[in-house]
Amino acid sequence: MQAYFNRAEERKGSDGADGHCSGSSAGLSSETCRGTPENRARLRQRNSIVSESMGIDRQEFVNLFERNRRRSRDLFDTVVADAYESRPIALRNPICFYEGHLAAFNVNTLVKRGLSEAGIDPEFEVLFERGIDPEDESAVGGKPFRWPSRQAIQAYGDRADRAIRDALLEKEIVCDENPVLRGGLAAHTILEHEPMHQETLRYMWHRLPYEKKIRPAGAPPLEIGGKPPLPETVKIPAGTATLGTTLERVPFAWDNEFPEHRVEVPAFEIDVFNVTNSEFLEFAGAGGYEDRELWDEEGWRWRSEAGIGHPLFWERENGRWYWRGMFERVPLPPAWPVYVSHAEAAAFARWKGKRLPTEAEFHRAAYGTPGGTERSYPWGDEPPDATRGNFDFRRSDPTPVGAFPAGASAWGVQDLVGNGWEWTSTVFSGFPGFEPMASYPVYSSDFFDGKHWVMKGASPATAKELLRRSLRNWFRGNYPYVYATLRCVRELKD
Ligand SMILES: [Fe+2]
């Protein structure tokens with residue numbers, strides 16, 4: 001067992017949107033929510049009232065929790081046994097870590113930090129506490145390390161799941177006196193943490209050799225499409241965008257989504273469609289990867305040191321380009337959005353004489369309307385469904401751009417939510433008045449380092465409950481593994 005702790009001490013950094021991992025598991029006191037049996041009974045009664053008044057339905061929480069756990073188990077089952085300890089992305093932990101992490105995070109956050117109760121396995125709860133997000137591969141610990149078996153990790157997961165189910169159904173998971181439990185914060189936190197990882201795990205699985213993963217039964221065939229639509233732009237007049245949110249609007253949001261505030265956005269012109277593989281091929285063919293002028297300093301260093309000459313999702317053989325899909329390789333679909341790093345996206349925009357949208361411009365294009373009101377989703381206020389875009393795990397790869405006209409924004413901009421996150425030119429940081437969240441204090445603030453960029457929207461592997469308008473995702477500019485695309489903007493004179 002000692003080896004586990006050696007590994008934990010080797011960790012460098014922490015993983016960002018990719019990680020969503022607990023910091024210290026030391027619990028805040030929730031004595032005010034416990035006390036004598038009579039107090040507990042009274043508080044339980046009050047808790048159920050608070051729960052109802054705050055829209056908390058214990059059984060619904062359990063249903064979401066069990067759906068999350070089932071989906072994660074299915075995901076890990078698609079990896080063949082001999083790849084379980086492999087590390088498909090060198091900058092991340094091996095696959096086995098994440099199966100332990102999902103369960104340990106739930107215990108650390110809800111049971112230990114929230115309810116101030118003992119955990120289940122102190123060694124596992126340290127070993128699997130946090131992921132990694134090093135700047136480059138040289139920072140990743142290279143020493144041999146013995147991980148627990150999958151059987152041991154799953155046995156821990158089963159015990160953890162029982163504890164969480166019990167807590168969600170029976171314990172004082174809402175307590176105004178405890179900031180970790182206020183409004184059911186810790187329970188909400190674990191329920192969003194897991195689907196976020198389900199997306200980042202898919203990035204990882206995407207890099208696994210095909211013989212190391214099992215295609216799930218019933219996976220839909222790829223929609224390759226034909227020629228991409230002709231590029232179009234639309235003018236968005238100057239106006240206001242509401243960024244962030246408030247607990248009056250949503251039952252839960254991550255700390256970096258608060259506080260809600262309004263931003264004046266000057267007029268701009270934006271692409272109706274995401275940049276396609278076809279357009280990006282022109283950029284690569286025109287020497288875009290070799291033109292120093294198109295790259296910022298950090299992007300150029302990454303491109304030069306790593307020998308980058310095309311998007312990671314592209315592969316070349318006998319003079320032909322292919323797309324590396326999740327379960328099969330196909331000739332490069334010209335109408336699919338290109339998936340690239342922020343550095344590549346920004347270089348493309350410069351080549352076009354344009355730039356990436358700011359976070360506020362994205363909001364304006366996605367949620368603003370000519371009448372001045374703002375929508376919950378690009379298409380309106382109706383909840384997301386399969387007609388609105390490529391999200392919620394229905395597919396493992398993109399669809400052609402513009403395939404979901406029912407998801408267009410009020411300005412006619414397509415695919416703003418779904419089919420690939422969209423890089424912005426906004427550096428990730430806290431909104432004015434930012435406060436770290438009590439249930440997970442290092443969730444965002446560890447990444448306010450000027451090296452991570454905001455992404456908005458959603459990808460095929462983003463759960464529908466994460467399509468919240470205020471949700472912000474972020475990654476390093478040189479991280480090419482994510483399902484992230486781009487569109488360009490240019491400023492307009494009013
Ligand atoms: Fe995490």
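Predicted model: local features only at pLDDT ≥ 70, side-chain atom pairs only at ≥ 80, totals over all residues.
Two strands pair if DSSP finds at least two bridges between them. Strand β5 (residues 314–317) and strand β6 (residues 320–324) pair in the antiparallel sense, over 4 bridges. Within this pair, Glu315 has Tyr322 of β6 as its bridge partner. The hairpin of β5 and β6 has 2 residues between the strands. Asn318 in this hairpin takes a positive phi, near 50 degrees.

Strand β6 also pairs with strand β7 (residues 329–331). This pairing is antiparallel and runs over 3 bridges. Here Tyr322 has Pro331 of β7 as its bridge partner. A hairpin of 4 residues joins β6 to β7.

The loop between β6 and β7 contains Glu328. Glu328 and Leu222 are 106 residues apart in sequence. In space, their C-alpha atoms are 9.3 Å apart.

A further set of 3 strands forms an open sheet. The strand order is β1-β4-β12, and the pairing is antiparallel. The edge strands are β1 (233–236) and β12 (489–491), each of which pairs on one side only. From one strand to the next, the twist averages 20 degrees. Strand β4 (residues 268–271) pairs with β12 over 3 bridges, in the antiparallel sense.

Helix packing was examined next. Two packed helices are described by the angle between their axes and the distance between the axes. Helix α4 (residues 95–114) packs with helix α6 (residues 150–170) at an angle of about 25 degrees. Their axes are 9 Å apart. Angles under 35 degrees count as roughly parallel, so α4 and α6 are roughly parallel to each other. The crossing of these two helices is left-handed.

Residues of α4 that meet α6 include Cys96, Glu99, Gly100 and Ala103. Also on the α4 side are Ala104, Asn106, Val107, Leu110 and Val111. On the α6 side, the contact includes Arg150, Ile153, Tyr156 and Gly157. Ala160, Asp161, Ala163, Ile164 and Ala167 of α6 take part as well. By class, the contact of α4 with α6 has 12 nonpolar, 3 polar and 3 charged residues.

Helix α11 (residues 359–367) is mostly covered. How many of its residues are buried? Of the 9 residues in α11, 8 are buried. The buried residues are Glu359, Glu361, Phe362, His363, Arg364, Ala365, Ala366 and Tyr367.

Over the whole chain, there are 11 helices and 12 strands. Buried residues make up 48% of the 494 residues. Among contacts with a separation of 6 or more, 80% join residues 24 or more positions apart.

Notes
Residues numbered from 1 in each chain as written. Axes fitted to C-alpha atoms, helices over the stretch in contact; angles between N-to-C directions. Parallel < 35°, antiparallel > 145°, perpendicular 65-115°, else oblique. Left-handed = near helix turned anticlockwise from the far one by under 90°. Contact = placed C-beta atoms within 7 Å. Nonpolar A, V, L, I, M, F, W, Y, C, P; charged D, E, K, R; others polar. Buried ≥ 20, exposed ≤ 12 C-beta atoms within 10 Å, placed from the backbone.
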